[in-house]
Structures are given as C-alpha cells and as structure tokens.
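Please look through the chain below and follow how its residues are placed and what lies around them. The report that follows takes up single residues and then groups of residues.

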Amino acid sequence: MLSVLGALLRCRSFAFVEDLGFEEAHSNFVSEMNARYTEMAYNCLLAAGLYILTFGIAFWQYKLNVQDGSVDPLF
C-alpha cells in the first residue's frame, strides 16, 4: 500500500494536494509544491522498503529456527 501511495505521489496525483499542507498560494508555489510531493513520495517509498527489510529479517529468523529445531515448519 505504501509503495502504491509513493508511486501516486511521485506522479503528483491531484488527490493528495490537501496533504501537502499549504495555507495560501505565493510566488514560489509550484516549485515548493513539487518539492513537497517528492519528499512525501520518498518517505512513503522508504517506509515500504523498511517493511520489506523487516519481513526479510523475520523470514530469515524463521528459517534459522526451523533448522535449529526450535520451531516446527509451517509448510
């Protein structure tokens, strides 16, 4: 879900314009809006990557526990 959200923010989807946190328009509005879209996209993609890393570590620990015999294999 976070990767989809990151991809939509990277495409600068209009649906997320309220989440950018602008009060009013000013002279440098467009460039600041693009910078905030990019920042939010990187944050979402980073969080998705951390979830994948956490899953990989948990799976690795599971495999080590199965080899050790302390856990019965699930499949």
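N34 lies in helix α2, where helices (H or I, at least four residues) are DSSP runs numbered from the N terminus. This is a predicted model, in which local features need pLDDT of at least 70 and side-chain atom pairs count only at pLDDT 80 or more, while totals for chains, interfaces and linings use all residues. Residues are numbered from 1 along each chain as its sequence is written, and side-chain values use heavy atoms, with hydrogens and water left out.

How accessible is N34? With a relative accessibility of 26%, N34 counts as partly exposed, a class that lies between buried (under 20% relative accessible area) and exposed (over 50%), as found with a 1.4 Å probe on protein chains only. Although N34 and R10 are 24 residues apart along the chain, their C-alpha atoms are separated by 9.3 Å.

Other pairs can be set beside one another in a table of C-alpha separations.

| Pair | Distance along the chain | C-alpha separation |
|---|---|---|
| N34 and R10 | 24 residues | 9.3 Å |
| S3 and E39 | 36 residues | 14 Å |
| S31 and F59 | 28 residues | 42 Å |
| D68 and L5 | 63 residues | 39 Å |

Among the residues in this table, S3 is placed in helix α1 and is partly exposed, its relative accessible area being 39%. When neighbours within four places in sequence are left aside, S3 is in contact with L45 and A48, contact meaning heavy atoms within 4.5 Å. S31 belongs to helix α2 and, with a relative accessible area of 38%, is partly exposed. D68 is also found in helix α2, but D68 counts as exposed at 61% relative accessibility.

T38 has its place in helix α2, and with a relative accessible area of 19% T38 is buried. The side chain of T38 makes a polar contact with the side chain of R12, at 3.0 Å; a polar contact is a pair of N or O atoms within 3.5 Å, of which, within protein, one must be able to donate a hydrogen and the other to accept it, and residues adjacent in sequence count only if both atoms are side-chain atoms. Apart from neighbours within four places in sequence, T38 is in contact with R10 as well as R12.

R12 itself is located in the loop between α1 (2-10) and α2, and R12 is partly exposed at a relative accessible area of 33%. Most residues other than glycine have a negative phi.

How many salt bridges are counted in the model? The count comes to one salt bridge, when a salt bridge is taken as a side-chain nitrogen of Lys or Arg within 4 Å of a carboxyl oxygen of Asp or Glu. E32 forms a salt bridge with R36, and the closest N and O atoms are 3.0 Å apart. Both E32 and R36 lie in helix α2, four residues apart, which is about one turn of the helix. E32 counts as partly exposed at 26% relative accessibility, and R36 counts as partly exposed at 25%. Side chains of opposite charge can pair when their charged atoms come close.

In soluble globular proteins, nonpolar side chains tend to be buried together.

A nonpolar surface patch of about 610 Å² is made by L46, L50, L53, I57, W60 and L64. Patches are made of residues with over 30% relative accessible area and no salt bridge, with nonpolar side chains (Val, Leu, Ile, Met, Phe, Trp, Tyr) joined within 5 Å and like charges within 9 Å, and accessible areas come from the Shrake-Rupley method. W60, one of the patch residues, lies in helix α2 and is exposed, with a relative accessible area of 52%.

Technical notes. Areas by Shrake-Rupley, 256 points an atom, 1.4 Å probe, with all protein chains shown as cover. Helix = DSSP H or I, 4+ residues; strand = E, 2+ residues; numbered from the N terminus.
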